[in-house]
Amino acid sequence: MSAPTQSQQIKQNFLNHPYTQQASRFATGQVNALDAELNRYPLLRNLEQQTKVPKAYGVLALAASAVVLIFFNMFGLAQPVSNLIGWALPAYLSVQAIESPQSNDDKQWLTYWVVFGSLNLAESLGVRAILYWVPMYFVFKTLFTIWLMLPATRGAETLYYHVLRPVIGNVKQKSQHTTGQTNPFAKESTAAGFNPAGTTAPSSFERE
């Protein structure tokens with residue numbers, strides 16, 4: 001058997017292996033699920049029509065490029081790309097959530113911004129020490145940010161309910177111990193004061 005024929009036989013055996021076929025079916029299913037999720041956004045659908053590149057493959061290519069730039073800090077782009085993922089993408093998705101009729105996505109992204117803002121505040125207080133002692137800091141920060149925002153993981157909600165909410169509740173409860181309130185998150189009565197959330201002014205996003 002010649003070398004090219006032997007090479008083709010090895011390749012064919014590898015492709016026909018049950019584990020290879022199972023992995024191929026799993027990857028195809030994941031790509032199809034990603035494409036169905038991305039199909040919710042008109043911007044990505046328009047880009048797919050203009051570029052003739054499937055949106056799922058385009059997003060995966062951008063994600064792979066971001067991983068390379070962040071991991072190797074090529075051209076010093078680790079921090080800008082990490083910030084782009086943490087700020088620009090959630091901002092766009094938050095606008096989509098505001099414009100959608102559902103309320104669950106509004107709560108998801110509001111929780112994300114509370115947690116992400118708190119973490120950035122903590123980071124700003126000791127960022128030099130963090131960058132000095134932690135290798136590949138922006139790699140871990142980007143992965144953590146993705147964990148916070150993904151609907152499948154809902155990391156922001158996990159951190160909020162298990163870390164931020166208890167801390168804020170304890171602080172607020174200590175400040176209200178004289179009022180007799182048992183729930184530190186109970187909304188105060190608006191009878192004696194102005195409550196911006198209770199005004200009847202029309203929303204800026206209200207459709208005519």
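Predicted model: local features only at pLDDT ≥ 70, side-chain atom pairs only at ≥ 80, totals over all residues.
How much space lies in the largest cavity?

**Stop one: helix α5.** Select residues 78-99, and you have α5, a helix of 22 residues. From its first C-alpha to its last it reaches 32 Å, close to the 32 Å expected at 1.5 Å a residue. Now click on L84: here α5 bends by about 30°.

**Stop two: the buried side of the story.** Still on α5, colour A78, V81, S82, I85, G86, P90, L93, S94 and A97, which are its buried residues. Look at how they are spaced along the helix. An α-helix has 3.6 residues a turn, so residues three or four places apart point the same way. Next, show α4 (55-72), α6 (104-125) and α8 (137-149): the buried residues of α5 pack against these helices.

**Stop three: D105.** Hop over to α6 and pick D105, which sits in that helix. Is D105 buried or exposed? It's buried, because its relative accessible area is 15%, and the cut-off for buried is under 20%. Leaving aside neighbours within four places in sequence, D105 is in contact with A97 and S100.

**Last stop: the cavity.** Searching the whole structure turns up one cavity of 30 Å³ or more. To find the largest cavity, select its lining: Q108, Y112, L148, M149, R154, A156 and E157. Two or more of the lining residues come from each of α6, α8 and α9 (155-175). Colour the lining by class and you'll get four nonpolar, one polar and two charged residues. And the opening question? The largest cavity holds about 30 Å³ of space.

Terms used
Residues numbered from 1 in each chain as written. Heavy atoms only, no water. Helix = DSSP H or I, 4+ residues; strand = E, 2+ residues; numbered from the N terminus. Expected span 1.5 Å × (residues − 1). Bend = angle between axes of the 7 residues up to and from the residue. Buried < 20%, exposed > 50% of the residue type's maximum accessible area, 1.4 Å probe, protein only. Contact = heavy atoms within 4.5 Å. 1 Å grid on protein atoms, 1.4 Å probe; cavity = no way out; pocket = protein on both sides within 12 Å on 5 of 7 lines; lining within 4 Å. Points joined across faces, edges and corners; volume = space filled by probe spheres on them. Nonpolar A, V, L, I, M, F, W, Y, C, P; charged D, E, K, R; others polar.
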